[in-house]
Amino acid sequence: MKRKNHSSLILLMMAAVFLLMVVLYSTIFSPQTTTAALKSDAGQMGKPLYKLDIAWPKYTEYFTGQVFGVAVDHIDHVAQRGENVPKVLVFSTDGDFLQAWNTSTLEEPHGIFLANATANPTVWITDVGKGAYGHTIKQYSPSGKLLQVLGTPGKPGSNLNPLQFDQPAEIFVHSSGEIYIVDGDGGMNNRLIKLSKDLQVLWMHGEKGQGLAQFNIPHSVAIDYYQRVWVADRGNKRIQVFNSVTGDWLGSWGSCFDDDAPYSVRLTADQKYFVVAQLNTNQVSLLEAPPVGGIGQCRVTSVIQLAEDIKPHLVDVDLKTGALYVAEIGGQQAQKFIPLTRGSSFL
């Protein structure tokens with residue numbers, strides 16, 4: 001009887017040791033890691049390409065409004081909205097606060113773009129406000145001095161001569177000086193406009209709808225190295241692609257956006273991936289960029305899953321360092337993510 005009890009005790013001890021090993025294994029080797037700002041599941045989210053830079057900015061209390069846009073190069077500009085808040089905050093790439101713009105000429109900033117960053121930098125901002133300064137696109141000096149205004153301040157419209165906008169969403173200024181504008185963050189217009197360096201209309205697509213080259217809230221625009229224009233067609237939950245010279249429609253991507261629409265489109269520094277913010281699912285997706293000569297189907301390579309209610313809106317990429325910046329409406333902040341790289345190429 002004692003020998004039987006002794007055998008049972010050994011079996012119970014072995015079972016307990018096995019159960020303990022299972023628990024320890026699942027704890028140590030679980031694929032999911034979580035921080036307050038970033039959630040990443042390597043098993044479900046693909047190959048990690050970025051990590052959060054917790055040191056940028058050094059003091060987050062400068063964010064006092066809803067952050068809608070960010071434009072970066074050797075200096076980082078953050079556009080925010082709110083009552084009695086500076087509309088633009090300027091940081092160094094190391095996270096030091098440099099200055100704030102308390103300009104009365106800017107009502108509700110939406111998109112922001114830093115042009116000619118190395119030579120003669122200027123900051124372009126789309127203003128979707130409905131007051132005396134709204135429905136315009138403004139060019140500022142790096143210190144916040146107003147240089148010029150595109151559109152008719154305070155008067156929404158669809159004219160091309162003179163130019164009128166209705167809640168213009170974003171602007172992209174090419175290195176050639178040519179300008180691409182997506183006009184229509186919920187207003188009467190749903191347009192993609194290309195302007196020459198001297199602000200003459202070169203071509204335009206301007207119909208609302210679901211067909212080819214039609215839009216429903218064109219929200220973001222970017223140009224790649226192969227003369228292709230990529231537009232986040234938010235209301236239609238797709239990205240459309242055009243020839244930058246002729247304006248011809250080249251294709252569209254929609255299969256990646258069943259769960260949520262694309263809000264932004266930018267290219268990584270090495271042009272290998274598109275960076276797309278998806279506000280309602282609180283994630284930033286990296287899509288494989290197609291080679292020259294084809295568009296193909298979109299393919300998600302990696303996803304940065306942000307915390308609930310962060311609501312990423314627009315993004316920008318530092319073409320020198322590869323760092324990714326995300327403007328977050330819900331989080332009322334901008335965050336910086338640095339690439340997991342050696343040199344300038346992704347691992």
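In which loop is Lys 237 found? Lys 237 is found in the loop between β19 (228-233) and β20 (238-243), where helices (H or I, at least four residues) and strands (E, at least two) are DSSP runs numbered from the N terminus. This is a predicted model, in which local features need pLDDT of at least 70, side-chain atom pairs count only at pLDDT 80 or more, and totals for chains, interfaces and linings use all residues. Residues are numbered from 1 along each chain as its sequence is written, and side-chain values use heavy atoms, with hydrogens and water left out.

**Figure 1. Overview of the predicted protein.** The protein contains two helices and 30 strands. Of its 347 residues, 53% are buried; buried means under 20% relative accessible area, exposed over 50%, and partly exposed in between (1.4 Å probe, protein chains only). Among contacts (heavy atoms within 4.5 Å) between residues at least 6 apart in sequence, 45% join residues at least 24 apart. The protein exposes about 16,200 Å², of which carbon and sulfur atoms supply 54%; accessible areas come from the Shrake-Rupley method with a 1.4 Å probe, and for residues only the protein chains shown count as cover.

**Figure 2. Confidence along the chain.** The average pLDDT (the predictor's confidence in each residue, from 0 to 100) is 88, and 85% of the residues score at least 70. Over residues 1-5 the pLDDT stays under 50, and the model has zero contacts beyond four places in sequence for them. Residues 342-347 also have a pLDDT below 50, with 15 contacts in the model beyond near neighbours in sequence. Where pLDDT is low, the predicted coordinates should not be read in detail.

Figure 3. Over residues 206-245 the chain is 0% helix and 55% strand, and the end C-alpha atoms lie 17 Å apart. Lys 237 is not a glycine, yet has a positive phi of about 55°. This residue, Lys 237, is partly exposed, at 32% relative accessibility. Asn 282, also not a glycine, has a positive phi of about 55° and is placed in the loop between β23 (273-278) and β24 (283-288). With a relative accessible area of 8%, Asn 282 is buried.

**Figure 4. Two cis peptide bonds.** Most residues other than glycine have a negative phi, and most peptide bonds are trans. Trp 56 and Pro 57 are joined by a cis peptide bond with omega of about -15°, and Pro 57 lies in the loop between β3 (50-52) and β4 (66-72). From Asn 161 to Pro 162 the peptide bond is cis, with omega near 0°; Pro 162 is found in the loop between β11 and β12.

Figure 5. Gly 134 lies in the loop between β9 (122-127) and β10 (136-140) and is buried, with a relative accessible area of 0%. Not counting residues up to four places away in sequence, Gly 134 touches Glu 107, Asp 127, Gly 129, Thr 152, Pro 153 and Gly 154. Phe 165 is 31 residues from Gly 134 in sequence and 9.2 Å from it in space, C-alpha to C-alpha. The loop between β11 and β12 holds Phe 165, which counts as buried at 0% relative accessibility.

**Figure 6. Salt bridges.** Side chains of opposite charge can pair when their charged atoms come close. The whole structure has 13 salt bridges, each a side-chain nitrogen of Lys or Arg within 4 Å of a carboxyl oxygen of Asp or Glu. Arg 81 pairs with Glu 108, the closest N and O atoms being 3.4 Å apart. Arg 81 lies in strand β5 (residues 75-81) and Glu 108 in the loop between β7 (97-101) and β8 (109-115), so the pair ties together parts that are 27 residues apart in sequence. Asp 183 and Arg 191 meet in a salt bridge at 2.8 Å, N to O; Asp 183 is buried at 0% relative accessibility, and Arg 191 is buried at 4%. Glu 170, Arg 266 and Asp 316 are linked in a network of salt bridges.
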